[in-house]
Amino acid sequence: MKAYKNILAAVVGCITGVVVISICEMLLGFLFPFPAHIDAYNKEVIAKAMFLMPPVALALLLLVYAIASFSGGLVATLISGKTKATPALSVGIVLTIAGVNNTIVLPHPVWFNIINVGMYLPFAYLGYRVLKQKSAVITS
């Protein structure tokens, strides 16, 4: 039964991360909209537009990804019972794969790609550690 709980925790953690990313990307779209003449359904045009985005928009996007990964790790840890980091790390791995796929499909600046690939796993683990430490403080 514990294995099912951990799998459920990882799946719900991944869903949480994706929902956070989706909502925050939509909000970022309001703050930093593409120019009106850009066709949002043309991948080549969007890829070129990514390099025209201000660096602060890309930095905020990285912050969104960090928050999403942290949230996913936190939720996975809560559901799994705070015993092991495996569900949270699974969330980090899945989000890393999704992040790599995103940078392949829509090219981003090199600095963005480097940070993007290395951030999901540590932030998902941080979500685990925060709850693990909090439960250790409460029980002592």
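In the predicted model, the axes of helix α3 (residues 55-80) and α4 come within 8 Å and cross at roughly 150 degrees. Here axes are lines fitted to C-alpha atoms, for helices over the stretch in contact, and angles run from 0 to 180 degrees between N-to-C directions. The angle makes α3 roughly antiparallel to α4; angles under 35 degrees count as roughly parallel, over 145 as roughly antiparallel, 65 to 115 as roughly perpendicular and the rest as oblique. The crossing of α3 and α4 is right-handed, a crossing being right-handed if the near helix is turned clockwise from the far one by less than a right angle, and left-handed if anticlockwise. On the α3 side, Tyr65, Ala68, Ser69, Gly72, Gly73, Ala76, Thr77 and Ser80 meet Pro87, Ala88, Val91, Leu95 and Asn102 of α4, where contact means heavy atoms within 4.5 Å.

Residues are numbered from 1 along each chain as its sequence is written. Because the model is predicted, local features need pLDDT of at least 70 and side-chain atom pairs count only at pLDDT 80 or more, whereas totals for chains, interfaces and linings use all residues; side-chain values use heavy atoms, with hydrogens and water left out.

The protein has 5 helices and 0 strands, and its pattern along the sequence is α-α-α-α-α. Helices (H or I, at least four residues) and strands (E, at least two) are DSSP runs, numbered from the N terminus. Along the principal axes, the C-alpha atoms fill a box of roughly 55 × 30 × 25 Å.

With α4 (residues 86-105), the angle is about 45 degrees and the axes are 8 Å apart, which makes α1 oblique to α4. This crossing is right-handed. Its contact involves Asn6, Ala9, Ala10, Gly13, Cys14, Gly17 and Val18 of α1, together with Pro87, Ser90, Val91, Val94 and Leu95 of α4. Between α1 and α3, the angle is about 155 degrees and the axes are 7 Å apart, which makes α1 roughly antiparallel to α3. The crossing of α1 and α3 is likewise right-handed.

Ile15 lies in α1 (residues 2-31). A nonpolar surface patch of about 950 Å² is made by Tyr4, Ile7, Val11, Ile15, Val19, Ile23, Met26, Leu27 and Phe30. Accessible areas come from the Shrake-Rupley method with a 1.4 Å probe, and for residues only the protein chains shown count as cover.

Notes:
Patch = residues over 30% accessible without salt bridge, like charges linked within 9 Å, V, L, I, M, F, W, Y side chains within 5 Å. Salt bridge = Lys/Arg side-chain N within 4 Å of Asp/Glu carboxyl O.
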